Amino acid sequence: MFKIESKNVDFFYGSSQALKNINIAIKPNTVTALIGPSGCGKSTYLRLFNRMNDLIDNTKITGQILIDGEDIYAKGVNVDSLRKKVGMVFQKPNPFPKTIFENVAYGLRVNGISDKKFIEERVETSIKQVALWEEVKDKLKKSAFELSGGQQQRLCIARALAIQPSVILMDEPTSALDPISTSKVEELIYELKSKYTIVIVTHNMQQAGRVSDTTAFFYMGELIEYDNTKNIFTHPKIERTQNYITGRFG
Amino acid sequence: MKTFYKKFLEKFIEGLLMLSGTVTTLTVVLIVFFLFKEGIGVFNKKPVEEGYVIAVNNKNPINKLSSEQIKNIYDQKITNWKILGAPTDSIILFRLEDVSNYYSDAEIGENFEGLPICISLLTDSLPNIIAFFPEKYIDKNFKGKQLEIDKVKLSEFLTGKEWFPTAQPAAQLGVMPLILGTLWVSLGAILLALPLGLAASVYMSEIANEKIRRIMKPLIELLAGIPSVVYGFFGLVIIVPLIQTTFDLPVGETGLAGSIILGIMALPTIITISEDAMRNTPRAMKEASLALGASKWQTIYKVVIPYSISGITAGAILGIGRAIGETMAVLMVTGNAAVIPHSILEPVRTIPATIAAELGEAPNGGLHFQALFALGCILFLITLFINLTVEFISNRNKYNKH
Amino acid sequence: MMMLDENKLAKRKKLRQSIAFGILSTLSYSIIAILFIILSFIIYKGIGVINWNFISQMPEEGMTKGGIYPAIIGTLYLVGGSILFAFPIGVLAAIYMNEYVKDGIFKKIIKQMTNNLAGIPSIVFGLFGMSLFVNKLGFGDSILAGSLTLGLLALPVVIRTTEEALKAVDNTFRQASIGLGASKWETTSKIVLPIAFPNIITGLILSIGRVSGETAPILFTVAAYFLPKLPTSIFDQAMALPYHLYVISTSGTNIEESRPIAYGTALVLIIIVLIANLLANGLRKYFGNKVKMN
């Protein structure tokens, strides 16, 4: 049983086709890396999994994306509920202009939870999960903007974990971070794998190699190769993949 | 030679540009100078008309009266000297035209040459008299006592409850009713405009699609472009009668009419500025909220509005500022009664409307004229304060959002 | 799991959103409705009054009959005079602010003062114009005094729109020109201004619209209640449309009888504003497309 299945997915911005016939099946509790040069469609593809592209006017998707066997683009699907199940971490840390505590509690509150004790417990466990607790436990009431960039990004991950998704999408989560913060986030991804299915878009080949189990290489809106990360990095079947991975273009 | 010419031209143009750049600054300085020069002049004047004196009997212990007291005496609200601290005796009012009640035409003389003596005798013979007459009719051996009249005081000007600058013998220059009237009408306007304006800015920035937005935006601009006198006219022929019949009032020209019209006029300011602020909410912030399963509406009121709150505040404050300074529309629909308002269904008068209505009749350089300039100063200071507040809010905001 | 029943929660969120969006859109459209009520009322009442005679004849019989010719002419003079004053100075000031002066205290002061000037209520301009132009400089109630007062009022508007127009010019154009050895003024006049020109003109048109409707600044600097002849010099008084509307709708002897004239005058004012806005939007669209095509 696959966690995520993508069947014949085409995606259009207006009349231009951004994704062509993408077929991928992702197993639960794995990390999948989406790689490829800028503009290849990997971020667009990632944002299909929580229907984030719905926000852009004049877009169209055909084909099917199944999560837990259910077509998330079927009629009558509640998008809010889908997004609760599929968490997302963005390129740049984007905490809300609220306190550290309220940032993590936000997802719970908007999903109708008001039990104070429950929220407090959930916030604490979520922050502990991202190994940020020791650093922020004394300043939960302070603005999230007071944290460093790396801390902010871990807070954003905690924020996504708080509503207990089963899938986490990460859109170049370390591109705005320094090397030390990056390695902390990477460690975190590795640990989170046991509980979540993670899909990560990255520009960084080493990162893809380090954190992912499977890798999908995109080029000009097409899925060129999809395989075990190990295979992709050591014995790519297609030359273009090899050229990209070895840095000959991109 | 050519390069010299070119260099000279460059310098010349730069000088010209700089000169133009300083015009606004110069204008503000000049406005402040002229406004305050005339406005402050009012505090060097006595509230009694120039060339006139007020006199009492020599034995009367009172030396000094305030303009309010003088007015109350002549309005016969004070009829006994006791109230003013003198021995009990009813007050006898005397104006110049009353002289024929006491003296014959022969005594006064054909060219009023006997008038000074008559007045002198009269003030001497009647211990409870108070007389108001032109200075030129003071006899050389005047037997009465001229009252000292205090100059207009700033504190009285600001806290006085009556505005009646043409009152005789003493002008009443209390701006309280005008200030309250202005604030009253503006507050009403903002209470009406804020919900509408906020709704429109949320709708335009977050809900409506690009097509609708592109239609609405110029319409809001058009709303801002309609001249205030047209708003006033519309208010006069539609809103005023409507209020009159709805609330069964003697007159429809009320604070409410002013508030409605000003509210409409403040809308474009509020909408433009708060819509701008909301559109500046980073996309990433909105996406983060939606990605956590928040609905669009939850995202709007939990993320977008808090994020843009200072812009919204700035819009509201500028809207108030616009309402406070508005002249013609208010002048045409509020009824302009210079009394402290007790309800929105009474006529009120604002500072700008007072200036517009009265300046034409105030003699150049006189007390009334200068008092109106002093009103202008108050208005200037209020709007300056508003502008600086807005500046402060948006600057602090820039600093915070890094 | 303490989360509420998924479906119930989703329904509740959806319902709340629908209610909120319903209220918001209703309120928004009610603003548009207000605009249309005002416009259509004045058009409906005024359209029957406007004809060639109305705009080409003198007022008659205590302004209850006849036309508004002198008021139209007066407004034209005032708009022309104020723009003649405000436009060059405003554009030059904006060029100075955007292209020349360096960031610093001087720029800050000018910027602040321009903002302050923009915030000053129009009646205060009236007071100022009266005491400086009418009294101190001895222009008397005249087209000159009125134009200058209105010009000062329009100045911040011109500066702001011109500055925006200049800011919209991509910096690479400037760098390219300077790089080719052009001086600052050559760059500004030959590169920046032509590119910014359409937007500057749009700003100009909008400020014409604004100036033509202003009443408070001209009350004590130029406006005449009634003049039987047209002004012959800039030192003459003049009638003006907005003041005319104010007078005949509030303080005429025959308010009821002059109502049709008032509707007609209001409509003329509205037409001016409509034309200005349409023209400005049209220009914006036209040049906006043109730039995109390049």
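The radius of gyration is taken here over C-alpha atoms, and the globule rule is 2.2 Å times the number of residues to the power 0.38. By that rule a compact globule of 402 residues would have a radius of gyration near 21 Å, whereas chain B has 30 Å. The structure is a predicted model, in which local features need pLDDT of at least 70, side-chain atom pairs count only at pLDDT 80 or more, and totals for chains, interfaces and linings use all residues. Residues are numbered from 1 along each chain as its sequence is written, while chains are lettered from A and ligands numbered from 1 in the order in which they are written.

The C-alpha atoms of chain B occupy a box of roughly 95 × 80 × 40 Å along the principal axes. The domain assignment, with bounds from an automatic or database source, divides chain B into domain 1 (52-150) and domain 2 (176-400). The C-alpha centres of these two domains of chain B are 51 Å apart. Chain B contains 17 helices and eight strands, where helices (H or I, at least four residues) and strands (E, at least two) are DSSP runs numbered from the N terminus. Buried residues (20 or more other C-beta atoms within 10 Å of their own, with C-beta atoms placed from the backbone) make up 49% of the 402 residues in chain B.

An open sheet of four strands in chain B has the order β3-β4-β1-β5 and mixed pairing; two strands pair if DSSP finds at least two bridges between them. Strands β3 (92-95) and β5 (145-146) of chain B stand at the edges with a single partner strand each, so one side of each has no neighbour in the sheet. Strands β1 (residues 52-56) and β4 (residues 129-134) of chain B pair in the antiparallel sense over five bridges, and F132(B) in β4(B) is the bridge partner of I54(B). Helix α6 (residues 115-125) of chain B lies across β1, β3 and β4 of chain B, at about 160° to β4(B); axes are lines fitted to C-alpha atoms, for helices over the stretch in contact, with angles from 0 to 180 degrees between N-to-C directions.

For chain A, with 250 residues, the radius of gyration of 18 Å agrees with the value near 18 Å for a compact globule. Chain A comprises ten helices and ten strands, and 45% of its 250 residues count as buried.

Seven residues of chain C are in contact with eight residues of chain A, contact requiring C-beta atoms, placed from the backbone, within 7 Å.

Technical notes. Buried ≥ 20, exposed ≤ 12 C-beta atoms within 10 Å, placed from the backbone. Contact = placed C-beta atoms within 7 Å.
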